[in-house]
Amino acid sequence: MLLMFGSATAFGLMAITIRLATAHVPTQEVAFFRNAFGLLVLLPILLRPGHAPLRTRQLPRYLLRSGIGLASMLCGFWALGHLPLSQAVSLSYSTPLFVTIAAVLWLGEVVRMRRWAAVVAGFIGVLVIVRPGSSGFQAGALIAVAAAMLSALVSIQIKQLTRIDGPDTVVFYTYVFWVPLSLVPALFVWVWPTGIAWLWLLATGVMGTVGQLLWTRALKLGEVSALTPISFTQLPLVVLLGWLLFGETVDRWTVLGAAIILGANAYIAHREAVLVRRAASQAPCATAKVNE
């Protein structure tokens, strides 16, 4: 629980530093420095003496995963830099809804009626925040939704990659590809950072990497259903800092939509945990029948 809370705090602070950094350099450049500084933080951890070798036979898959992940990152960073922070973060929580759909279409997973109902409820929450057709609609909100959708595809790919490679290997090769891939779009809009901008860019890379490492370790130790609600603490932290630093307020539609999305996510996580426990409890029985 402490690891997940630390992860949520790190990701929340990263959202703030992204907003601060985009006031000085373009979004593409923020993404590049986030990856470059993040890799520098990772190398001493993953390449320390005694750490397991980081070998893989899935380099083409890592290239695909990194390309889609970079597209998601650019969309998400743009949303954090240009939309109200509360709206951008709330829409990012729609990723598990897209993951459920992608798991059915891509992995052939079976999803029952109750989880589909939660997915539908979650998308209602997205519509409440975006409000298409109303005077409060911002086309930029669709970029935040696109980031969540692309992030869902990345989640499916990570699930496939971790069937063969360990979590640290997945993180390492992702960053190895991310750095050169993110440099390409950054070069077209390059502006050399000056002064305080270097601090925000460094903090973005450090907070993003720390949040990712804590998140993977939290999920390794605890159940998703218990830890997912803790990850939602990122939202009130971002809302508070957005108010203190940028004078942002939260409209009632964002509050209502976020509550619906978070509730749907909590239920989906609970159902997944129930199914995992059920499968684990049935496995010994099936083995006993085979051995009879």
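## Helix packing and aromatic pairs

Y175 and W178 sit three residues apart in helix α8 (residues 167–187), about one turn of the helix. Helices here are DSSP runs of H or I with at least four residues, numbered from the N terminus. An α-helix has 3.6 residues a turn, so residues three or four places apart point the same way. The model is predicted: local features need pLDDT of at least 70, side-chain atom pairs count only at pLDDT 80 or more, and totals for chains, interfaces and linings use all residues. Residues are numbered from 1 along each chain as its sequence is written, and side-chain values use heavy atoms, with hydrogens and water left out.

Rings of Phe, Tyr and Trp (its six-membered ring) pair if their centres lie within 6.5 Å; planes under 30 degrees apart count as stacked, over 60 as edge-to-face and the rest as tilted. By this rule there are eleven aromatic pairs. Two of them are set out below.

| Pair | Centre to centre | Angle between planes | Class |
|---|---|---|---|
| F32 and F33 | 5.1 Å | 65 degrees | edge-to-face |
| Y175 and W178 | 5.4 Å | 75 degrees | edge-to-face |

Both Y175 and W178 are buried, and F32 and F33 are buried as well. Buried means under 20% relative accessible area, exposed over 50%, and partly exposed in between (1.4 Å probe, protein chains only). Ring pairs also join F32 and F33 with F37, W190, W192 and W198 in a cluster.

Helix α8 packs on α3 at an angle of about 60 degrees, and the two axes are 9 Å apart. Axes are lines fitted to C-alpha atoms, for helices over the stretch in contact, and angles run from 0 to 180 degrees between N-to-C directions. The crossing of α3 and α8 is right-handed; a crossing has that hand if the near helix is turned clockwise from the far one by less than a right angle, and is left-handed if anticlockwise. W178 takes part in this contact, among the α8 residues that also include Y173, F177 and L181, while the α3 side includes L59, Y62, L70 and M73. Contact means heavy atoms within 4.5 Å. By class, the α3 and α8 contact has ten nonpolar, six polar and one charged residues. Ala, Val, Leu, Ile, Met, Phe, Trp, Tyr, Cys and Pro count as nonpolar, Asp, Glu, Lys and Arg as charged, and the others, Gly among them, as polar.

Helix α3 (residues 59–82) also meets helix α7 (residues 140–161): their axes come within 8 Å and cross at roughly 155 degrees.

R131 lies in the loop between α6 (113–130) and α7. R131 has a positive phi of about 50 degrees, although it is not a glycine. Most residues other than glycine have a negative phi.

In helix α4 (residues 85–92), seven of the eight residues are buried, including S86 and Q87. V250, in the loop between α11 (234–246) and α12 (252–291), is 163 residues from Q87 in sequence, with 8.2 Å between their C-alpha atoms. Leaving aside neighbours within four places in sequence, V250 is in contact with S86, V239 and V255. V250 is partly exposed because its relative accessible area is 31%.

Note on methods
Helices (H or I, at least four residues) and strands (E, at least two) are DSSP runs, numbered from the N terminus.
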